[in-house]
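Here is a friendly note to read alongside the structure. Take the points in order and look back at the picture as you go.

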Amino acid sequence: MLPNNHNNVDLDQVAHQVMLDHGFIPDFSPPVLNELDHIKEAPAPLPSYKDLRHLLWISIDNIDSKDLDQLTYAEPMQNGKTHRLYVAVADVSGTVQKESLIDLQAQNNTTSIYTPTVIFPMLHPKLSTDITSLNPQVDRNAVVVEMEIDEAGKFELLDVYLANVHNHQKLAYPTVSEWLEHGKPLQSVSPEVHEQLKLQDLISNKIQQFREQLGTLNFDTIEVKPILENHIPVALSKVISDRGHTLIENCMIAANSCLSKYLISQNIPILKRIVKKPQRWEKIVEIAKIHDVSLPLEPNAKALQNFLLQQQKQDPLRFPDLSLTIIKLIGRGEYVPSYPGNEAPGHFDLALEDYAHTTAPNRRYPDLIMQRLLKSFLQKQNPSYSDAELQTLAQHCTKKEEDANKVERHLKKSAAAMILKNQIGQIYSAIVTGASSKGTWVRLLDPPVEGKLVSGFKHLDVGDTIEVELLQVDVAQGYIDFGRHH
């Protein structure tokens, strides 16, 4: 049971209970900890592993990230026109054995869960932030994806193999973006690393252009993060997606796509990440018509992309609201098995036919599954998972991803409720973000907080803009209730 609403609600306790309510295991049990005690260090590289420690590998992540899943390195190819991009992914499967107690807990939760005051890691921090993390200035085993990026940004797999790598520089998104966008040099960073960043940014821009030609959808949604003082939320700040994020996102999308294609070409089963064609396309067509744009009657990613790019230029201020509306109408992603004779559909948002998550095995279980499938193939062993196992795991991972989103959303609302509890009766402008038999939800334009519309919701649909009054909040339950203001 969650505590009754009062001013001194402990968000850590709320998070713990909400985790339990959604079927997660929030703590590491004594048997798991006992198994963990027997893991002293990362496995040594086998003689067959390539030694790539000399390459100038760097990591770029959030300022406070300690679970480093990937490193990047780039170099021009001999023809002077194309580039070679390397992505090294932490070899988590070398330490976490399938069906060990550690693995079974990770399999239950399937993901790390991030709440405003506490993180619930999929793998114990001894692993995810140390033994299986690509930490700076240590040697680690990794799966390396080597790709060629041509002048147009098209990415092709050159090779995939196991290697020993060394993270020479740990960097953070905001400072990397400051350097790339405003030329603000990074502190205590060599000229070689600055050059490496420039090159990776150039490659990322090319990949982005290629993806846009394919018809990938570019969204710009508003994400908020509570500002904490003494572990208590006091204000909300917007999370800005910057050039550093984009750099890593493009590199990882290329690696994920190349690896997926490669395994499918080798008749190896994969756990595919898909977004189906939108079921509510007619509503998307309707919204485009309001903006004087005609979309085809059948779902078409390229046409939708052109509409989004046009709106982003014409009305950048309102574009996040339009983005959110379209995302809701397209629907959620899901995991599905794909194997010979049972090819799964593609990823509508990314305009990619073959796509799987492979680059974050410390914090996402589908990536660990994919790593095991890849390594068993590279080491000429039978696939780590049967088709039946993949079918079950795909459904489970999709379900737990939805559950994790619910936990994170609940705690973000609890934090927002704590901040808004003294604003009862205030009038706000809002956009409708959800409308179904289960209820109608709205997001305020400022601050960008989501809550339930408990009165005046008739005839409203996703994307409508209205005025609302804040009626009540419940910090523990994560309830923020609004009424339509006429």
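1. What percentage of the 486 residues in the protein chain is buried? Buried residues make up 52% of them, where buried means under 20% relative accessible area, exposed over 50% and partly exposed in between, with a 1.4 Å probe and protein chains only.

2. A word on the source: this is a predicted model, in which local features need pLDDT of at least 70 and side-chain atom pairs count only at pLDDT 80 or more, while totals for chains, interfaces and linings use all residues. Residues are numbered from 1 along each chain as its sequence is written, and side-chain values use heavy atoms, leaving out hydrogens and water.

3. Now the overall build. The protein chain has twelve helices and 17 strands, counted as DSSP runs (helices H or I, at least four residues; strands E, at least two) and numbered from the N terminus. Its C-alpha atoms fill a box of roughly 70 × 55 × 55 Å along the principal axes.

4. Next, the aromatic rings. The whole structure holds five aromatic pairs; rings of Phe, Tyr and Trp (its six-membered ring) pair if their centres lie within 6.5 Å, and planes under 30 degrees apart count as stacked, over 60 as edge-to-face and the rest as tilted. One of the pairs joins tyrosine 262 and phenylalanine 377 edge-to-face, at 5.9 Å centre to centre and 70° between the planes. Tyrosine 262 sits in helix 7 (residues 243-265) and phenylalanine 377 in helix 11 (residues 365-378), so this pair ties together parts 115 residues apart in sequence.
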